[in-house]
Amino acid sequence: MERGLAADLIPILQRSPALAGLAADAVEDLARVMREVVLPSDTVLTEEGESGDELFVVLHGSVVAATTDAAGQPRVLAELRPGDIAGEVAALIGGRRTATLRSRDAAVLAVLDGAGLRELRQRRPEVVDALRRVSVARLQRSELAASLDQLFGAFDAQALDELQSKLSWLDLPAGSVLFREGDPGDALFIVLAGRLRVATLGAEADAQSPQDIGRGDIVGELAVLTHGRRSATVYAVRDSHLARLGVAEFDALMATHPVAMGRVARLVAERLLHATTAVPRRPPPSTAFAIVPITPGAPQEVAIELGAMLGPAGRTRVVQSDDVAAMLGPNVLEAAPGDPAGNWLTHWLDEVEAASDALVCVGDRRFPEWTARCVRRSDHVLLLADAAADPGSAPPDTQLGGTADGVSPTTTLILLHPPGTAEPRGTGRWLRGRRVDMHLHVRRSVRGDLERAARILSGRAVSVVLGGGGARGFAHIGVLQALEDAGIPVDLVGGTSMGALVGSAPAMGWSATKLHHAARPLSRGLFDVTFPLVSLLRGRRIGRAIRALVGDRDIEDLVLPYFCVSTNLTRAEEVVHRRGSVALAVRASLSLPGVLPPVRDAGDLLVDGGLLNNVPADVMRASNNGGRVIAVDVSPTVDLRVPDAFAPDVSGWSLLAARLRRRAHPRLPSILTLLNRAAVAPSVHRRTHLDTRLLADLYLQVPTAEWGFLEFGAIDELVARGRTATIDQLRAWWAHEQR
């Protein structure tokens, strides 16, 4: 029941350790906006998990703060005495209660509601700062208790106090290295806020499978268990707050809590399994984004609209500088990492993210520290730029919250174009000298472009990979028609050889019908036979046909993200083309050795990508941010069966004479067909000996064996086959994906 403000409220507030140092008039203003509540003994004041915007100060009696452990049993975190503050975490953050508050005996409390807190934030920010310091310590204790419960088993309040006295606290800015491979294993760490990554930095980084360590996890336990050296490098991918437990303290913990040793051993075993498994893993989609407008022409409203699309409707939280100022106070925006306000903001953002499916922090050019914090605590940074602006007017990466040791989150450049833009140009100027993992083109006021960008960035995109196969590759056009008929959007495209050529069309924004019409000239007049010192064909006609189709575009200017694959014959390596001339990349991708001359690249020779990767679903899987992959294969598993017997020594002259005189002769495939099959055989073998379901969400095998590798005149029949062979599978698959 409520009664008027108690006469002794102000003296008790003045004696509260949490409010020590506040001026008398500030305490009086706090008392003025509070009311008093009396609780009978053993009465619940708040329930863990419920929402609330009130905080409490104990005036008389005692209140117990407790949480529920993994077994569903209550665990006491603290007993609050007169002068102690409770409920401040949910009140300040605007989230859910982290503990249940229950009176042990009859208690009297002062209550500050949301309206009073907002008034104090405007008139007395120093009071809110003092409450914030309490909330950080309370959050640390609550998160530590939850982590210990999950990792080692339940701890009572006394054991938690004892352990907490042995811990030290560490603030680790994003990009900072916690420890390096080979360092002594002198401690383990518990992540209370932020995120770490376990990986090998340097030359071998690309070969590793990095593992993220999130809130509530521990890291460094293997070296502590073995008293050995670190087996990997660990760095922060977000601003992180950690608890450090030294070797001696860990050994003592294991001695007093033997159950904990078993839990740690299981954790180590799981991580070793993760590190050694050969199964390809789909990267998790990003859940924390930073959108940073880097030119004056990149409006804030576009950032907000895009941000709202990056997660499920109603489950995506977009946080702007104005939101932070209104909720937490304007001084928090410029709080540096490590100071109390900065720590509190880190925890607050973690709480907001935990209550959402996606968190989007929008940078603000007026507040550089807030923008840098947005970058440091994100999985994915989106740089928003007006494509018409001067790239030199955008701030360099070092002014956008770049992280230490060269470690940065995934970065995507989004270029905004006028609504009527058909062919973006000049993208290379924006990419030059910038650390960008991907770039996307978005026309203003074209909602479909924003939706496509959101699908790609949030791991919901549909990617299409088209394989090589000579003339059989025309069947890909029919598959593209089937995709359109089934209403399946194509967000990213990749391909090899003929698939590289066909795939460039949707990347340019063409429909399948437009491509079918434009490809008809490719069905004739392609062969310019020459003396076969380097190749059977000169390649000029095919080069002209490619340029007629794709023009002088660069890959980075294409409407959709696109890549194609060739083989570096000089180095026996796979080459993935993501920038530069489309015509040159496609020409390299389909340069079958012996048939077409290779393409020179910095002194190396590039040839058909089918030699190493005819259907590059793995390349797409590694670069589409966890989205779905449709792979289309037009190369038969069984091909070139020869019914007629023939001797192993074959005279080309005899075969030619028999054909000219219309005499019976063994029906053998041509040298062009043999060279093509020899080129794709390794990829076909790879396909049949690897579970392609691990690489593609939908693998479509189009039956094309009845047409030859060189039957370019059968374009219409192959297009029809591609559509009829895949439309039902695509519709069924898409219906399942939409559930």
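Predicted model: local features only at pLDDT ≥ 70, side-chain atom pairs only at ≥ 80, totals over all residues.
**Helix H19 with helix H20**

- Helix H19 covers residues 540-550 and helix H20 covers residues 582-589; their axes lie 9 Å apart, at an angle of about 135°.
- H19 is therefore oblique to H20.
- On the H19 side the contact uses Ile 546, Arg 547 and Val 550, and these meet Val 582, Ala 583, Val 586 and Arg 587 of H20.
- Sorted by class, the residues of this contact are five nonpolar, no polar and two charged.

**Helix H10 with helix H15**

- Helix H10 (residues 300-309) and helix H15 (residues 447-457) have axes that come within 9 Å and cross at roughly 50°.
- With that angle, H10 is oblique to H15.
- The crossing of H10 and H15 is right-handed.
- H10 brings Val 302, Glu 305, Leu 306 and Met 309 to the contact, while H15 supplies Arg 447, Leu 450, Glu 451, Ala 453 and Ala 454.
- The residues that join H10 to H15 comprise six nonpolar, no polar and three charged.

- The axes of H16 and H24 are 6 Å apart, and the two helices pack at an angle of about 40°.
- Their crossing, that of H16 and H24, is right-handed.
- From H16, the contact residues are Ala 475, Ile 477, Gly 478, Val 479, Gln 481, Ala 482, Leu 483 and Asp 485.
- From H24, they are Leu 718, Val 719, Gly 722, Arg 723, Thr 726, Ile 727, Leu 730 and Arg 731.
- The contact of H16 with H24 holds nine nonpolar, four polar and three charged residues.
- Searching the whole structure turns up three aromatic pairs.
- One of them is formed by Phe 474 and Phe 712, edge-to-face, with 6.0 Å from centre to centre and 85° between the planes.
- Phe 474 sits in the loop between strand S24 (462-466) and helix H16 (475-485), and Phe 712 in the loop between strand S31 (698-701) and helix H24 (715-737), so the pair ties together parts that are 238 residues apart in sequence.

**The sheet S3-S8-S5-S6**

- Four strands form an open sheet in the order S3-S8-S5-S6, and their pairing is antiparallel.
- S3 and strand S6 (74-80) are the edge strands, each with a single partner strand, so one side of each has no neighbour in the sheet.
- From one strand to the next, the twist averages 30°.
- Strand S3 (residues 44-46) pairs with strand S8 (residues 100-103) in the antiparallel sense, over two bridges.
- Val 44 has Arg 102 in S8 as its bridge partner.
- Strand S5 (residues 63-68) is joined to S8 by four bridges, and these strands run antiparallel.
- Ala 66 is bridged to Thr 100 in S8, and Val 63 has Ser 103 in S8 as its bridge partner.

**The sheet S11-S16-S13-S14**

- A further open sheet has four strands with antiparallel pairing, in the order S11-S16-S13-S14.
- Its edges are strand S11 (177-179) and strand S14 (211-213); each has a single partner strand, so one side of each is left without a neighbour in the sheet.
- On average, neighbouring strands of this sheet are turned by 30° against each other, direction ignored.
- Strand S13 (residues 196-199) and strand S16 (residues 233-236) run antiparallel and are joined by four bridges.
- Opposite Arg 197 stands Tyr 235 in S16.
- As you look along the strands, keep in mind that in a regular strand the side chains alternate between the two faces of the sheet.

Notes:
Residues numbered from 1 in each chain as written. Heavy atoms only, no water. Axes fitted to C-alpha atoms, helices over the stretch in contact; angles between N-to-C directions. Parallel < 35°, antiparallel > 145°, perpendicular 65-115°, else oblique. Left-handed = near helix turned anticlockwise from the far one by under 90°. Contact = heavy atoms within 4.5 Å. Nonpolar A, V, L, I, M, F, W, Y, C, P; charged D, E, K, R; others polar. Pairing = 2+ DSSP bridges. Phe/Tyr/Trp six-rings, centres within 6.5 Å; stacked < 30°, edge-to-face > 60°.
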